Amino acid sequence: MADCGGAGKSSWPELVGINGQVAAHIIAKENPKVSVQIVKEGMMVTMDFRCDRVRVWVDKYQIVKTTPHIG
């Protein structure tokens, strides 16, 4: 895993269970150094690790299913 030292807040476990759009807004506000992507469960994504990205995984109801984190 890459070292993302100095990247600000890196994990948001408190957002599991809330609306994905709301979660994305909170993440962007708490760490403006990252871009936030909302991803639906089952979608294919690249496996590269990036210190400037947070993926918010949501279910079919747009509810956050796993802890969003940098990567």
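Guide: Helices (H or I, at least four residues) and strands (E, at least two) are DSSP runs, numbered from the N terminus. By that rule the protein chain holds one helix and two strands, and their order from the N terminus is α-β-β. This is a predicted model, in which local features need pLDDT of at least 70 and side-chain atom pairs count only at pLDDT 80 or more, while totals for chains, interfaces and linings use all residues. Residues are numbered from 1 along each chain as its sequence is written, and side-chain values use heavy atoms, with hydrogens and water left out.

The part I will follow is the helix, α1, which covers residues 20–30. Its N-terminal end is capped by Asn19, where a side-chain oxygen lies 2.8 Å from the backbone nitrogen of Gln21; such a polar contact is a pair of N or O atoms within 3.5 Å, one able to donate a hydrogen and the other to accept it within protein, and residues adjacent in sequence count only if both atoms are side-chain atoms.

Along α1, the buried residues are Gly20, Ala23, Ala24 and Ile27, where buried means under 20% relative accessible area, exposed over 50% and partly exposed in between (1.4 Å probe, protein chains only). These four are on the same side of α1, because they cover an arc of only 100 degrees around the axis, the arc being that of the directions from the helix axis to the C-beta atoms. On the other side of α1, Gln21, His25 and Lys29 are exposed. The buried residues of the helix pack against both β1 and β2, with contact taken as heavy atoms within 4.5 Å.

That packing leads to the nonpolar core, a set of buried Ala, Val, Leu, Ile, Met, Phe, Trp, Tyr and Cys residues joined through side-chain atoms within 4.5 Å. The largest such core has 10 residues, namely Trp12, Leu15, Ala23, Ile27, Val34, Val54, Val56, Val58, Val64 and Ile70. Both α1 and β2 (53–58) supply at least two of its residues, and the largest share, three residues, comes from β2. In soluble globular proteins, nonpolar side chains tend to be buried together.

Beyond the helix, Asn31 sits in the loop between α1 and β1 (35–40). Asn31 counts as buried because its relative accessibility is 2%, and the side chain of Asn31 reaches the backbone nitrogen of Lys33 at 3.0 Å. Asn31 and Asp48, 17 residues apart in sequence, are 20 Å apart in space from C-alpha to C-alpha.

In the segment before α1 lies Ser10, which is partly exposed because its relative accessibility is 40%. Not counting residues up to four places away in sequence, Ser10 touches Pro68, His69 and Ile70; the C-alpha atoms of Ser10 and His69 are separated by 5.5 Å, although these residues are 59 apart along the chain.

The segment after β2 includes Asp59, which is buried, with a relative accessible area of 12%. A polar atom of the Asp59 side chain lies 2.8 Å from the backbone nitrogen of Tyr61, and Asp59 also touches Glu41 and Lys65, not counting residues up to four places away in sequence. Gln62 is found in the segment after β2 as well; its phi is near 70 degrees, a positive value in a residue other than glycine.

Taken over the protein chain, buried residues make up 28% of the 71 residues. Of the contacts with a separation of 6 or more, 41% join residues 24 or more positions apart. The C-alpha trace spans about 35 × 25 × 15 Å along its principal axes.
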